Amino acid sequence: MSKITLKGANLLAPLPVVMVTVGDMVQSNIITVAWTGIVCSVPPRVYISVREDRYSHALLDKTGEFVINFTTESLLAACDWCGVRSGRDHDKFAEMKLNKGKAQKVSVPLIEESPINIECRVFDKLSLGSHTMFLADVLAVDVDESVVDGDGAIDYAKCRLVDYMHGEYYAQGRHLGRFGFAAQKKYIARYGKGKDAMSSSSLTRRKRSAGRTGNISDGVKK
Ligand SMILES: Cc1cc2nc3c(=O)[nH]c(=O)nc-3n(C[C@H](O)[C@H](O)[C@H](O)COP(=O)(O)O)c2cc1C
């Protein structure tokens, strides 16, 4: 491959784009966030990075709690709107006709219409430059029963989640395989190792799973 080199830039993709709720049941707000991720498996820990001038920043400082609400295709317009309007001037729950749900472990409301809500409590924050990184423990995860199958596994395919890549939103793509599939003897015997195994012909021939990607705790040690 012939490469061009760009100056250092945040071109990591794809990213989740989530609707983060902050505040409490009385004074609450929703901020759209793409700078988010898992930072530790045990204990479960995540981060969000938020600019200091956001209205939500002060609420995060005040309560030390937030909820990450997954964005579905049907929530995307609300998610985008919450990312270009400030809670200083708008009641985002009311204007987006979203319902506040009661979280189990934090005082921040969750978004009822979002199928997965991650309840978080901040344990540290870092001023990194443009953004403050809020590092948080995951205290609870609320999952809509409609996306949980009989074995208690989350069926992510049912959630119709949205990805974000540099200003553009995308629907989740095709299911390609399960964690560790490329190292399974049966798979290697049939398709070979590495990139040869992922040629488009083997992909179309390969039996696809129903889209199940994990159980409630993910089921995969990482
Ligand atoms: C797709 C998308 C992703 C965003 N990601 C972030 C982010 O990671 N951190 C951040 O501080 N702002 C992010 N923003 C901008 C805020 O959501 C936006 O400034 C919002 O209006 C702030 O709301 P607030 O003033 O009510 O807190 C994002 C906006 C969009 C549309």
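The following dialogue explains how to read several features of this predicted model.

Q: What kind of model is this, and how are its residues numbered?
A: This is a predicted model, in which local features need pLDDT of at least 70 and side-chain atom pairs count only at pLDDT 80 or more, while totals for chains, interfaces and linings use all residues. Residues are numbered from 1 along each chain as its sequence is written.

Q: How many helices and strands does the protein have?
A: Helices (H or I, at least four residues) and strands (E, at least two) are DSSP runs, numbered from the N terminus. On that basis the protein has 6 helices and 12 strands.

Q: What share of the residues of the protein counts as buried?
A: A residue is buried if 20 or more other C-beta atoms lie within 10 Å of its own, exposed if 12 or fewer, and partly exposed in between, with C-beta atoms placed from the backbone. Here 25% of the 222 residues count as buried.

Q: Which residues of helix H1 are buried?
A: The general idea concerns helix geometry: an α-helix has 3.6 residues a turn, so residues three or four places apart point the same way. In H1, which spans residues 55-63, the buried residues are Ser56, Leu59 and Leu60. Viewed down the axis of H1, the buried residues fall within an arc of 105 degrees, so they line one face of the helix. The arc is that of the directions from the helix axis to the C-beta atoms.

Q: What covers the buried residues of H1, and what follows just after the helix?
A: Cover is read from contacts, and two residues are in contact if their C-beta atoms, placed from the backbone, lie within 7 Å. The cover of H1 includes strands S2 (18-23), S3 (28-33), S5 (45-51), S6 (65-70), S9 (116-127) and S10 (131-143). Just after H1, Gly64 takes a positive phi of about 70 degrees.

Q: Where does strand S6 point its residues?
A: Glu65, Val67 and Asn69 point one way from S6, whereas Phe66, Ile68 and Phe70 point the other way. S6 is mostly covered, with 6 of its 6 residues buried.

Q: How many bridges join S6 to S2 and to S9?
A: Two strands pair if DSSP finds at least two bridges between them. S2 and S6 run antiparallel and are joined by 4 bridges; Met19 has Asn69 as its bridge partner in S6. S6 and S9 also run antiparallel, with 5 bridges, and Glu65 has Arg121 as its bridge partner in S9.

Q: Which residues have the most contacts inside the largest nonpolar core?
A: A nonpolar core is a set of buried Ala, Val, Leu, Ile, Met, Phe, Trp, Tyr and Cys residues joined through C-beta atoms within 7 Å. The largest one has 38 residues, and Met19, Val20, Phe66 and Val67 have the most contacts inside it. Leaving aside residues up to four places away in sequence, Val67 touches residues including Val20, Ala103, Val108, Leu110 and Ile118.

Q: Which residues come nearest to the ligand?
A: A residue is near a molecule if its C-beta atom, placed from the backbone, lies within 6 Å of it. Of the 21 residues around the ligand, the nearest are Trp35, Ser56, Gly83, Ser86 and Gly87. S3, S5 and H1 each supply at least two residues of the shell, and S3 gives the largest share, 4 residues.

Q: In what order do the strands of the open sheet with S11 stand?
A: The order is S1-S11-S12, with antiparallel pairing. S1 and S12 stand at the edges, each with a single partner strand, so one side of each is left without a neighbour in the sheet. S11 and S12 pair over 4 bridges, and Asp163 stands opposite Tyr170 in S12.

Q: Is His166 buried or exposed?
A: His166 counts as exposed because it has 12 C-beta neighbours inside 10 Å. Its phi is near 50 degrees, a positive value in a residue other than glycine, and His166 is placed in the loop between S11 and strand S12 (168-171).
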